Amino acid sequence: MTETTTPMPTVRDAESPLDPPPEYQALQEERPVHWVRFPNGSEGWLVTRFDEGSQVFSDPRMSSHRPRHDNPEGEAGESAGTDESGLPPLFVMMDEPDHGAYRKLLTGKFTPKAVAKNLQPYIDRIVDEHLDAIASTSGPVDLIEALCLPIPCLVICEILGVPYEDRDGFHGATEAMMDMGRSREERDAGAQWLMGYISKLIETKRSQPESDGLISELIRIAASGETILTDKDLTGICALLLFAGHDTTAAMMGLSIMTLLTHPGKWEELRENPEKIGPAIEELLRYLTIVQFGLGRVALEDVEIGEAQIKQGDLVVVAMPIANRDPRVFTDPDVPDFDRKTTRHLAFGYGVHQCLGQNVARAELKTVLPKLIERFPDLHLAVDPSDVPMDAFGTNYGVRELPVTF
Amino acid sequence: MRITIDEDRCCAAGQCVLAAPEVFDQRDDDGIVVLLQEEPPESEYENTRNAAALCPAAAIVVEE
């Protein structure tokens, strides 16, 4: 480790909490790929431009079996998966063909068509119920607690067959696990709680062979013995679906509402032009890119990307928040613009690992935002934007509390 | 315009169906891409190009 290596930027400007750390801009302008020191003290490549980022995610020479890079100083070497817990590695950490074999067991549940048919009526109903509950108060209301967290939690519970009354437990554990501002012990305790919870749930569901939900379906698939999925894989996969399936969308929903409320005219633009909601959501995904510390890959052989001579074994991190602000691809990248011609972005990653649940996230956002705007056309922040507490160290960047009046 | 798809590359993200629902569909069981029109009408050209550009797995090839 050399003291002079550029550190990966991680601290945002308090005056513009929705923009990536300001140091990124100069790095991106200088060249597409830099050798940097990651938060945990390890060193590797940081990709800050869109095309080179897409290239890294699409290149089969870039392995998903990677160490963490975003954990605190001195914790280099920690796996980005669940290796230490004694469980088999998660498929998100695997390469082809194994990754695809696992992924295909799940993809049928997450297509736009499946989401529209199986989940949309449920999402409509729960969003209406939560908006009714907000309307019955005199405000101010914290929209994270009243809307942005409950909706994704209810939806993932519905998909998996997890009891919603357990939400405080599984959300608290997820939050601890994903918060790089907490100690290793606290984060590991969160992960272990989640694994323990899911293991018990799987045992309960085994004794109810007819029960609904994806967890029961996966138990039946594993029991058939005809696929790659074994009983040993179940805990990791189900835990992954549970934690990745709610914390992300909750973060994105809170930040989206904050964006609409703090950028003059954006709330009104969607109120007057509800047909823009589709492109608006893609633009919010691009603009906000909640996976704030990026995603890593490991080079399986020597590779040249963006003129960087990447050596076999090097860690390569794509900084998606800044790659999604690349002026080579997006005109006025720092401005949310719902009329852009392109809806390309790296918010869900890219390549064969692109987010499995992206169409569930879209359905939730596409339901919540228009209904919220229609129901409370004059909604506004109850505090100064600079007083909205942000989740500075979360793997998923988000808003902790969003107090509004209506 | 002529479209070819590579089922082995497809990762079932669903981007093609969102961009060009008249041209692409997905299998119910595993979400793998189904090509509805090999030679789409001109009115679908732009959507089809978008679908190919958005596909994260480069499973769609458009020849023009």
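1. A residue is called buried if 20 or more other C-beta atoms lie within 10 Å of its own, exposed if 12 or fewer, and partly exposed in between, with C-beta atoms placed from the backbone. By that count, 44% of the 64 residues of chain B are buried.

2. A word on what you are looking at: this is a predicted model, in which local features need pLDDT of at least 70 and side-chain atom pairs count only at pLDDT 80 or more, while totals for chains, interfaces and linings use all residues. Residues are numbered from 1 along each chain as its sequence is written, and chains are lettered from A and ligands numbered from 1 in the order in which they are written.

3. Chain B is a friendly place to start. Its secondary structure comes to 2 helices and 4 strands (DSSP runs numbered from the N terminus: helices are H or I, at least four residues; strands are E, at least two). Along the sequence they follow the pattern β-α-β-β-α-β. The radius of gyration of chain B, taken over C-alpha atoms, is 10 Å, close to the 11 Å that the globule rule (2.2 Å times the number of residues to the power 0.38) gives for 64 residues, so chain B is as compact as a globular protein of that length. Its C-alpha atoms fill a box of roughly 30 × 20 × 15 Å along the principal axes.

4. Now to chain A and its open sheet, where 5 strands lie in the order β1-β2-β8-β5-β3 with mixed pairing (two strands pair if DSSP finds at least two bridges between them). The edge strands are β1 and β3 (62–63) of chain A, each pairing on one side only. Strands β1(A) and β2(A) (residues 43–47) run antiparallel and are joined by 5 bridges; A:Val33 has A:Val47 as its bridge partner in β2(A).

5. Helix α1 (residues 23–30) of chain A has A:Tyr24, A:Leu27 and A:Gln28 as its buried residues. Seen down the axis of α1(A), these fall within an arc of 95° (that of the directions from the helix axis to the C-beta atoms), so they line one face of the helix. They pack against β1 (33–37) and α15 (320–323) of chain A, whereas A:Ala26, A:Glu29 and A:Glu30, on the other side of α1(A), are exposed.

6. Finally, look at A:Cys238. Beyond its neighbours within four places in sequence, A:Cys238 is in contact with A:Leu160, A:Ile198, A:Ile202, A:Ile215 and A:Leu218 (contact: C-beta atoms, placed from the backbone, within 7 Å).

Key. Two residues are in contact if their C-beta atoms, placed from the backbone, lie within 7 Å.
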